[in-house]
Amino acid sequence: MANAGPQAAEFDSQHRPITAGGFVKTGPVVFIDDTEKAGLSKWRNVSGGPQKRVIIEAKGSGVCLLDYDNDGWLDIYLVNGSTLDALAGKAPSPHAALFHNNHDGTFTDVTARAGVANDRWGTGCVVGDYDNDGWPDLYVTNVGANRLYHNNRDGTFTDVAVQAGVDLDDGSPDMMVDHTGATFGDYDGDGNLDLFVAGYLDLDLKNAPLPGSKTAGYDYCQYRGVQVMCGPRGLEGAHDHLFHNNGNGTFADVSKKLGVDDPSGFYGLDALFADVNNDGKPDLLVADDSTPNYLYMNRGNGTFKDDSYESGFALNGDGREAANMGLAVGDYENNGHLSVVSTTFSDDYPILFRNDGSGAFTDVSYQAGIARPSFPFVKFGDGFLDYDNDGWKDLFMVNGHVYPQVDQHPEWGQSYAQRPLLFRNLGNGKFELVPAVEGTGLAVVTVGRGAAFGDLFNDGKIDVVINSMDGPPVLLRNVNPDHHHWVEIKLIGGRKSPRDAVGATVYLTANGMRQRGDVLSGGSYLSSNDMRVHFGLGDSQKIDGVEIHWPSGNVEKLSLPFVDRIYTVSEDKGITGALCDGKPCDPFH
């Protein structure tokens with residue numbers, strides 16, 4: 001895993017590594033750990049053995065937020081890993097979990113009834129209504145064959161991956177592909193969501209890349225002189241796949257034809273369709289571990305141009321490839337441009353790729369203030385979220401090491417389980433680290449991997465769900481004491497847009513600011529966020545205007561009469577519904 005090299009160890013006053021310490025006694029309480037209260041604490045993630053001898057055991061899994069039953073409340077899907085014994089049929093397989101939102105702060109495990117247990121080695125998940133029936137479907141990536149769970153509209157799902165042609169099963173029981181991040185997006189503008197799937201490794205399970213084996217070079221099984229799992233360097237990278245939606249429930253693999261199949265075999269971890277040059281067409285970002293990133297610019301005619309190096313997205317500001325893992329995309333400057341944060345390994349900084357609006361990126365990580373505090377952490381899931389509803393997008397990162405052996409070397413100043421990081425947007429292009437107050441959500445120490453962001457309690461505050469390695473998930477409920485106003489918008493596409501409006505961009509003007517929000521499928525690390533677009537309004541009780549750029553090319557202007565509500569807006573029909581205090585209400589009164 002590429003990094004800048006060992007840094008000086010940091011410890012707090014109690015001699016704990018800063019990654020598992022550095023807490024303060026008093027300060028703002030932003031998040032509380034609501035995992036047990038919410039009913040999530042009994043489920044456990046399983047990811048190989050405790051020593052993490054093979055790289056697939058260390059990567060962890062994602063989490064998806066989706067309203068699977070269309071009741072207006074977000075439900076939680078947690079992907080699970082597996083074990084080498086389970087893959088070989090020698091032990092039972094762990095199961096993923098779907099938790100239904102009970103509207104009262106608690107969740108109920110409905111996995112068995114819903115049929116989404118995925119008894120395979122799961123890695124990521126992504127949400128998208130691929131058949132435009134108004135109900136969210138779920139794609140789950142695995143080591144081996146993937147699943148496409150079609151929503152049956154009755155609380156159950158059916159795996160149709162084989163019929164749809166997106167299972168990516170090569171039929172070999174020993175050679176398995178490690179599929180990772182996936183994203184839905186309508187790249188050719190036909191109104192149907194297409195699907196991109198990143199590939200990480202081609203694995204020969206009979207000759208697993210163990211330390212000391214001939215599968216990987218000796219240099220790639222060392223960390224600071226200590227023997228650890230091998231890779232990804234020295235191992236065979238897997239190819240990526242783009243599936244075109246045929247509009248009849250099936251997909252066609254167009255990866256090679258369109259030049260997005262990753263012929264170099266880079267180690268793909270995450271992917272996201274997002275319009276980074278403001279031409280109304282979704283471009284494709286791919287975060288690659290220890291290898292250069294990809295940026296495929298959408299030409300608007302159903303083809304892509306590889307702009308990875310020309311755009312500045314392939315490498316960091318030092319001209320160096322990084323161990324890119326998670327992708328956060330958002331307009332943190334309120335200038336209408338989507339910038340990107342790519343999370344990275346320890347002894348390296350997360351890269352803030354500032355977008356000039358044309359899809360040309362500059363690494364401003366140090367200037368923005370997110371580089372130095374993040375160096376000791378191994379950073380995975382990330383997201384832009386306006387946690388205090390002041391109108392400026394803040395940045396959250398979930399952390400956890402990949403080598404359990406670091407706990408045996410306290411002199412390194414690193415820990416296996418790590419606390420998350422929250423950076424507050426100062427509104428001037430810079431961020432400041434929010435202190436982790438003892439006993440609060442920012443002081444939760446866990447081996448974090450996937451993270452999803454959304455308003456789980458329909459109270460206008462963005463919460464975080466973390467999928468942690470070998471333990472329960474973590475639900476961080478946003479209890480920030482601000483009294484700022486907010487608004488959220490659920491978009492429903494019309495005849496020429498995807499029904500769930502993936503690819504839509506919303507501009508909202510209020511409080512003297514023009515904010516941008518996008519409907520995206522995927523991102524963070526192997527995860528998928530709330531698709532409702534959220535805007536913090538500060539102290540403003542009035543929204544001056546909303547402009548929606550639909551995937552169809554239609555541009556619609558409308559006014560939202562009240563703040564502190566969740567509106568439903570349908571293409572060409574305007575406001576068609578609202579939630580007030582989590583309950584349906586008249587949107588105009």
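This is a predicted model: local features need pLDDT of at least 70, side-chain atom pairs count only at pLDDT 80 or more; totals for chains, interfaces and linings use all residues.
A strand, as the word is used here, is a DSSP run of at least two residues, labelled E and numbered from the N terminus.

A cavity is a space where a 1.4 Å probe fits but cannot get out. Five cavities of 30 Å³ or more are counted in the model. The largest cavity holds about 510 Å³ of space. Its lining comprises 33 residues, and those closest to the centre are Val329, Phe384, Asp518, Asn529 and Asp530. Several strands contribute to this lining, each with at least two residues: strand E20 (327-330), strand E24 (379-385), strand E28 (448-454), strand E33 (513-518) and strand E34 (533-538). In terms of residue class, the lining of the largest cavity consists of 14 nonpolar, eleven polar and eight charged residues.

The second largest cavity has a volume of about 90 Å³. Asp186, Tyr187, Asp188 and Gly189 take part in its lining, together with Gly280, Lys281, Pro282, Val502, Gly503 and Pro551. By class, the lining residues of the second largest cavity are four nonpolar, three polar and three charged.

Pockets, in contrast to cavities, are open sets of points. The largest pocket has a volume of about 590 Å³. Of the 29 residues that line this pocket, Asp67, Asn70, Lys490, Leu491 and Arg532 lie nearest its centre. Strand E2 (63-66), strand E6 (121-128), strand E31 (485-492), strand E37 (565-570) and strand E38 (574-580) each provide at least two residues of the lining of the largest pocket. This lining is made up of 14 nonpolar, seven polar and eight charged residues.

Some of the strands already named also belong to a sheet. Strands of a sheet pair through backbone hydrogen bonds, in either a parallel or an antiparallel sense. Here five strands form an open sheet with mixed pairing, arranged in the order E34-E31-E37-E38-E39. E34 and strand E39 (583-584) stand at the edges and have a single partner strand each, so one side of each is left without a neighbour in the sheet. Within the sheet, E37 and E38 pair in the antiparallel sense over five bridges, and Ser570 stands opposite Gly574 in E38.

Notes:
Residues are numbered from 1 along each chain as its sequence is written. Side-chain values use heavy atoms; hydrogens and water are left out. On a 1 Å grid over the protein atoms alone, a cavity is a set of points where a 1.4 Å probe fits but cannot get out, and a pocket is an open set with protein on both sides within 12 Å along at least five of seven lines; lining residues have an atom within 4 Å of a point. Grid points are joined across faces, edges and corners, and a volume is the space filled by probe spheres set on the points. Helices (H or I, at least four residues) and strands (E, at least two) are DSSP runs, numbered from the N terminus. Ala, Val, Leu, Ile, Met, Phe, Trp, Tyr, Cys and Pro count as nonpolar, Asp, Glu, Lys and Arg as charged, and the others, Gly among them, as polar. Two strands pair if DSSP finds at least two bridges between them.
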